Structure formats: C-alpha cells, structure tokens
Amino acid sequence: MSHDRDETLVHMVNQIATNLSGGRSEAEAVEGVCSHLEKFWARAMKQRIVACLDEPDAGGLEPVARQAVAQLAERQTPKAG
Amino acid sequence: MIQHFDPSQHDKALAKDLGTPAPAADAAPVSVEIDGVEITVPEGTSVLRAAALADINIPKLCATDSLEAFGSCRLCAVQVEGRRGTPAACTTPVAEGMKVTTQNDRLARLRRNIMELYISDHPLDCLTCPANGDCELQDMAGAVGLREVRYGFEGENHLAAETDHSNPYFSFDPSKCIVCSRCVRACEEVQGTFALTIDGRGFDSTVAAGQDEAFMDSECVSCGACVQACPTSTLMEKSVIDAGQPEHSVVTTCAYCGVGCSFEAQMKGDQLVRMVPWKGGDANHGHSCVKGRFAFGYATHPDRITTPMIRDAIDQPWRPVEWDEAIAFAAKRLTAIQDEHGRESIGGITSSRCTNEETYLVQKLIRAAFGNNNTDTCARVCHSPTGYGLKTTLGESAGTQTFDSVMEADAIIVIGANPTDAHPVFGSLMRKRLRQGASLIVADPRRIDLLKTPHLADAQHLPLRPGTNVALVNALAHVVVNEGLEDHDFIAGRCDTEAYRAWRDFISEERHSPEATESVTGVPAEAVRRAARTYATAGNGAIYYGLGVTEHSQGSTMVMGIANLAMATGNIGREGVGVNPLRGQNNVQGSCDMGSFPHELPGYQHVADADARGRFEAAWGVRLDDEPGLRIPNMFDAAIEGSFKALYVQGEDIAQSDPDTQHVEAALRSLDCLIVQDIFLNETAKFAHVLLPGSSFLEKDGTFTNAERRINRVRKVMPPLAGKADWEVTVDLARALGYPMAYTHPSEIMDEIARLTPTFAGVSYDKLDEHGSLQWPCNAEHPNGTPTMHEVDFPIGRGRFAITEYVATEERASRRFPLLLTTGRILSQYNVGAQTRRTDNQVWHDEDVIEVHPSDAEVRGIQDGDWLGVSSRSGQTVLRARLSERMQPGVVYTTFHHPGSGANVITTDSSDWATNCPEYKVTAVQVEKVSQPSQWQRRFDEDDRRQREYLATAREAAS
C-alpha cells in the first residue's frame, strides 16, 4: 500500500475539514466533512482513509477530520456487510 | 387592438436583410401604408424595415439590419405623403397613418444618378470579382436599372488603390470600396474594438485600419464583423476568393468556446467554404470571433487521424488496422484488465468538446458496461467548483441568465474572467452594454482588455493578489451587510432564515472588513467599499466569473461567496442580474449535465439516490454502482499506485491540459491500456495503446449546451473523415464489451436523455428545429425552456447562504519561489491549441511567453525576449520573457496553448478542497535567465519526435 497515496488522502480530508470548520460548531463540521466524503469519494478512497485511523496519529488526520473519518467508518460498516 | 407576436415577421427577419435593426419588441404598434400595402410594426421601426417586412424591397447600400441606420448612401430615398423632399427610408421612423411611396419616376431617376456616381469610381471587373454572385452593389445597379455612366472612368478615382493582404483570412481591396462605413460601424457597434475609421474627407475619404496601417498591424481582432458587413468585395474572405461562392449552407453550432455561436456553414459539396455567423443564433445574433469565423481549417488538416491504430506498448510503432480489429483489441484488453485487477480498475473521461449525445454515451458505457462510476470530464479542471458551489447555494449547477440579460445590467462585476479573449462574442455584447453606461468592476490580478476602452473612465479595477478571492468577496459582502445595503425583502422571501442568520453573524465580523483584509488582498479598502456600493445600489447587479474563480484551492468557496453576494443584494431571478459562470469549452455545461461526474448520473442526480438510480437501471437493464467513482486526479494517483490500469479518453488532452505534467505522464505511462479517441495525435495519444479517429463537429449530428444552458443543434455538413462519428465508436466499443446499444441516430440518444433527465424532459430534435435552441430546464413546467432561473423559487426551495471562511492557499511565495505564476488564455488560440495551432491563427500567437513585471525583471537583469527558466516545486520549463505591466509586481503570467511550452510542468497538485479542481491560477515560482530548454522540454522534444515517426510510419503502411 502506497504511503504517498495515504498522505494525499489525509491531506485532502484535512483540507476539507479546514474549509468546512469556519462558522460552524465542531459537531456540524464533523457531520459536514463526513457527508462530503460519503457523497464525493470513491469506495476505494473511503476504505483507504478509514484504514488510516489505525495508523499512528491516524496518519496525520487533524481532530475534526479524524472524527469525520471515524463517523464515515461507522456509516460504511453496515454497507460493507 | 391586441398585438401579439407575429411569427411571419420573425421568419422574415431571419430570411433577409431588413435594413435596420428591430426596435424593442414590446413597443406600441404603428400602422402605415407603403405603396398601398398596409402593415403594422412596432414603434421605432424604420420605413425601410417596415417595407421589407411587407415584401417591398427598397434599394439600399449603407443600411444593414445588424447596424444602426446611417443615411449616407441615399439610395433608399422615398416619398412620404404630406412631407417635403425624398427622405432616406432607413433613418425615417414609421408614424401612425404614414403613406409612403417607394417607386416612381422621380425616385428611379434619383437612385440611378446615385448608382451612376458610385460606379464611375468602381472597377468593372464583375465577372472575375470574388463577390460575383454575392454583391449588393451589383444587385443595386441591376435594381435601379443603371445603363450608362456618363462621367466616364478617366477622372480622378480610387481604382489603383492597393489591396492589403496582411490578414491571413480576409483581404482588403480599397479599389472596390464605396465608403458606406458599414465596416467601420460594425467594428464599433457590433465588435466594440474601434479599429477602423474613415480617413480624410469628401472624395478623399477612405477606410483605414488603426492609424492607416495594415490590418494586421492595427488593433483589429479579426472577428469578421466588417467582412460580414461589407456590401462589395472590398473585405472578402480569402477562402471565397480561392473557392468561389458557396452553393448551399447548413446552420450549426461553433465548437470553440462556451458562448456557443450559431453559424451558417457555407458549403460547396462537402467542402466548407466559409463560416458565417447566423443572425438567428440566440447566443450570438450574427456576431463571431476569429476562432469560430475563420479557424476551421483544422477540420481538414493533413494531421487528422483517419485510420484506427493499435500497439502493444507505447514505445512501439503504431499498427494501422480496420475499425473492427481496433475495437476488438480495446475490448479484449479492458476485459482482461478487469478480470485481473477488478471491476474498478478501469474508467473513462468524457469530452467537453463532443456533443451531449456522445458524452452521455461514454458515461453510460462506463457505468453500464464497465460496471463502475469511474467517469470524469475536463470540467473537473475548470468549472467543477461551479457545479458544487451553485448547487449548494442556489440548488442548480448552472448559470442563472441568458447572455442577452447583460443588456439590462446596471452594474457588472467581472471576477477572474477575460471575456474579450476567452468569450469574445459575449465580451462584445458586454462592451456594448458598458458603452450604454453600465458600471464595470473588474476583480483580477491582471488589467484585462475589458478595461481598455475610452468609454470606461470610471471603471473600477480591484487588482487582488492571486489566491485571495474569498477574502475579497467576503469583504464585499461585509460592506453590503454592515452598510445596510441588503435586500431584506428578497432574503426574507426567498432564502433559508437559519442559514442566512449564521452567515450574517459570520460575515459581519470585523475580520472580514475591507480594512482588515486589505493586507491580504492588496486591494485598498476604500476601493472595495466603493465596488460593493456600486454593485448593491445600481439597480441590476450582475456577476460574471471564469476560471480565475474556480481554479483555486478555494474555488468552490468562492463560487458560494459569489452566490451569497447575489442573494444578499437580491440580484437573482430576473433579467439583468444573476450569477454567470463563463464556461470554457463549447460543451462543458453539457458534459456536466450529461452525467460525466463520478458521483452524478445525468441531470445531477446522485448515484446514491435510489429512485434516480432505479430509473437508469430499469432503462439500461443493468445494476449500477451506488458509490461515486474516481475523479481524474484520483485516477492518476491510483494509476501510479497500480490499482487503476485502463482509461478510455474521448476528445480530451489531459497530458497537456492537466496540471503537474510530469505526474500526469507518470500516471499515463503506468496504464496497461490507454484508449484515446481524438481527431489528432494529441499529447495524451502519445501514451496510448489504441488510437481511434475522432470526428470534428462538422462531421456529425448532435447538440452542444452553452454557458446559458442553451441547447443548440450541431448539424453534419460532411461525412466523418474516418467513416464513423464519435458516438458510433462508443456504440461499437460497448457492443464489443457485451453491452449492445441500439441507436441509429443521435436524436434517439437525446430522446433517452429526455426520458431519464427531469430538466431535459421536453427536449427533442423536432422541438430544437422548431425553436432554434432551448434553455434547460425544459419540461412540463417550462415547455419552451427557462431563460432566467430562480424567478419564483430555487430548486432546493429556499436559497442557502453558505459560510465562506477564507483559507490561504498552501501555494504561497517563499524565498525559494518568490513570485506567483497565474495562467490564462488569449483570443487567437483555444485551450490546448490542438485545433487553432493547425490554422492561420498561429500568426497571432505562435509561442507561449511569460509576462514579467518590469520591476521584477530589473532585479533579475531580465530583458524583453530573454529565455527564462521558470521553476516551481513541480518542475521547470523555459519560456521567452515579455515585460508587461498588466500584472502587479510579484506576479508572472503565461498561457498553455503550445505543448512544448510546458506551462503545466510548473503547475502543482494543489487543488480545490471540494472538487479537486486544480489550482492553475496560483503557483509559487522563481524565474531566471537561462540559455537552453529545460530537461523536461528536451525530453518532450525527443519523445515528440519519436511518436511522430511512429505515426508517419503507420501512415505510410496504411497508404
């Protein structure tokens, strides 16, 4: 699994989180980021970013981004089954 | 008396030249009697036009219905009962009860005398004249019965005047000129360039370009309006001089920019003689630019690919094969790759240059036959943030107005767009409105040409630093809110209250004030305040924007910021206002509408929407994936990583147009199967295993959708050079993959689109033929289409203000890369230049240069014309320097029309947070004098040479 690719994805989520955080509560921002990923990211990308949660320091995901990815993981689980 | 629209008058306006323009359609009706025939026309109609509508054709020379009446030739003299003399019919407006005589002995004598004078100074070479068969002067001489020229031809005359051949597309032969001023007026009134004038007085009057220079040395932009207006062969297309008069014509749609001009393709058999802008075109009303009007030679250029070709590896020569073999080869490879690497290991890119029908088929092929949603389109790299931003705030991924709406605008904001170069025909319309007095505000790092006109002394230019759009739009909105300039009725009646309150709290914060953001944007606070006041209080405020808005790390945020500003001031939902994205490629709106994006089915219906997906599944007879697929940059990343192995690219040149060229090249090299369908061996095709010949817009039927959501017909005027239209190739590929598609004509594809896409429900070829064009939504609610969006409500009910936090781009100037590079376009070339570089448009721009501010040049010892190495964190390229003060110090600028320039070797992977639209408009760079091309350029030249050899060898084998 390519480390570069993970870095790119982590960077992307962090960027989304930064842009969706302004003027919103943390919970709203987390929800915003999570639904953005759900709506626009490909299946493989979702799986990859969820896997990053298991890496040290969650692969560099910043707090809102990390919570959003965790939320995404929960929502994806029933689909996978 | 109840007046209603008279279709017969409308038809006549398209069928012939009525002499003077139409007055306002809603003007009061006036009845007049002309030669005993009674006719009712709107007030303000000239006697000349009224007569023409009554099929009474008064002789005329200086009058034409694209220009205001001028009254100089006097040939249209008439008599009016109760009035003295013989007034010119073109400058005489109708009056109730007026009785006009257009023919009697006195008028006949008068007209004959006028023509006699004209002809006494005109060469009598009619039989060998290029205008023979299409000459108004000749027609008028016949109409007035001129039989002799009593003055002889020996007196002082202009017959020896020399022809100016400098323009590659038309010649100017002043010996044939009758000084009717139609060309001068067309340049002023229609194009707005003011390049032509009448030099001298009386008998010495001559038409002059610029300061009496050759056309090519003047300000002339070669739009063709003067050629169109000329009643003789003074200004004449060289293609007509060469080929003679065309014998039939077909109305079709230009395949260059997103304006979508209608043209008459004038033909001799299957040979295109000239493209003439069609006055019935709803987007262009008979105007054109140098690209659409003249740069069509690429369609028959010897570089056209006419044979399918295949090869096992990209370092091998091409093997020319029959269509069947190429399609079977492609299908076999795709299937094998999917068997080995999984369903999601392949994808495709639809073309924003192809028709709606073709784009629809490619995404259908990907979703239904590939079985995944890995489809994307070039809009990814241009207007994807428009889709996201406008859908989020206004509920629909499209501009809100018609182009004509600009004629009702009182204040016009242009942000990050360059209409006179990139959307020239609309640029001319906008200039016309600006000459009528509308205010102009330009927010752009560069001083664009729109600002360069004497009519705009008080135009406002906000020269912001690249990458600070959102800070600027927030400051504008802050002024609107804090100075009480909001439209509270609109906000209360039309917008979501909670979202508005949250936004208002956010935007009111002091940190968004012009004073607080001045240090970020570089724009003086007072200038921002003045601009906000102008926009909010002028009456109708309209915003036009381009890629200078979208191609940023905050492209989507900026689009939402623009929508916020329009909603806050109530500038949505009527003529003269709105949010207007100026779309780049001819069918980029259409390619988005047709479901090219990986997350959306046609009509912007999300793949996870079970109802919508179910309709497509039922119609297409397959299960569809409910998860979005990969976007173009994601495909590249996955290709380099090894999980994405094959790509079908129709009519796009991602190797040249996409950012970070070396990354793109690495991705393309790592594919096991790249299928490129294009009219030329473009840069991407050099990495391909299968090269399928594409067809030009002249070779197929279909539709394009322009920036106004206007669906225009594209009509076939010649057979496809390689035997198949692009849609037929996709059908073949689908069949070979075991997914047969049963279409015999593109109209059937449109019928399927209409069945599955709610906003297209009312669209059909029959209806398009009947109406000329239709603007979607076109459905039961809006059977004739929707010129202005959001008049009553938004598709999402209420408009949603969005929080638009400014986040500085990570791409910022540093000690290593102290300058900011921004990229753009010029008038004569189009996008990657594959088409325009294969025409005489090359004479205007045969290389990309890097514009550097003199103060940045001075500290580096750079002179105009020096070779400059331009480096960024992505790569280095070498371009020739041009010193220019159009940008502020610290900003450099270039274009990307020539592949060897490598402009995109320098641009980076930085992209819009929401859509991954690349940040072409901001790259931190350093420039320094160098003596040789960059390493990339040397490698490019070597690869280019080798790939061309492969092609040449294959061609020889095929012939």
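Predicted model: local features only at pLDDT ≥ 70, side-chain atom pairs only at ≥ 80, totals over all residues.

In which loop of chain B does B:F194 lie? I traced B:F194 to the loop that runs between helix 5 (182-191) and strand 6 (196-199) of chain B.

Entry 1: I stopped at B:F194 for its phi, which is positive at about 60 degrees even though the residue is not a glycine. I then looked up its surroundings: B:F194 has 14 C-beta neighbours inside 10 Å, so I put it down as partly exposed.

B:R709 went on the page next. Its phi is also positive, about 70 degrees, and this residue is not a glycine either. I found B:R709 in the loop between strand 26 (702-705) and strand 27 (710-714) of chain B. Is B:R709 buried or exposed? I have it as buried, because 26 other C-beta atoms lie within 10 Å and the cut-off for buried is 20 or more.

I also checked a peptide bond. The one from B:W776 to B:P777 is cis, with omega near 0 degrees. B:P777 sits in the loop between strand 28 (773-775) and strand 29 (819-824) of chain B.

**Entry 2: a helix pair.** I turned to helix 10 (residues 356-370) and helix 27 (residues 746-756), both of chain B, and read a packing angle of about 65 degrees with the axes 9 Å apart. That angle makes helix 10 of chain B roughly perpendicular to helix 27 of chain B, since 65 to 115 degrees counts as such. The crossing of helix 10 of chain B past helix 27 of chain B is left-handed.

Which residues meet there? From helix 10 of chain B I listed B:N356, B:E357, B:Y360 and B:L361, and from helix 27 of chain B their partners B:P746, B:I749, B:M750 and B:I753. Sorted by class, the contact between helix 10 and helix 27 of chain B comes to 6 nonpolar, 1 polar and 1 charged residues.

**Entry 3: where the chains touch.** How many residues does each chain bring to the contact? I noted 20 residues from chain B and 17 residues from chain A. On the side of chain B that touches chain A, the elements giving two or more residues are helix 16 (497-508) and helix 23 (632-641) of chain B. Helix 23 of chain B gives the largest share of that side, 3 residues. By class, I wrote down 8 nonpolar, 7 polar and 5 charged residues for the side of chain B that touches chain A.

Technical notes: Residues numbered from 1 in each chain as written. Chains lettered and ligands numbered in written order. Helix = DSSP H or I, 4+ residues; strand = E, 2+ residues; numbered from the N terminus. Buried ≥ 20, exposed ≤ 12 C-beta atoms within 10 Å, placed from the backbone. Axes fitted to C-alpha atoms, helices over the stretch in contact; angles between N-to-C directions. Parallel < 35°, antiparallel > 145°, perpendicular 65-115°, else oblique. Left-handed = near helix turned anticlockwise from the far one by under 90°. Contact = placed C-beta atoms within 7 Å. Nonpolar A, V, L, I, M, F, W, Y, C, P; charged D, E, K, R; others polar.
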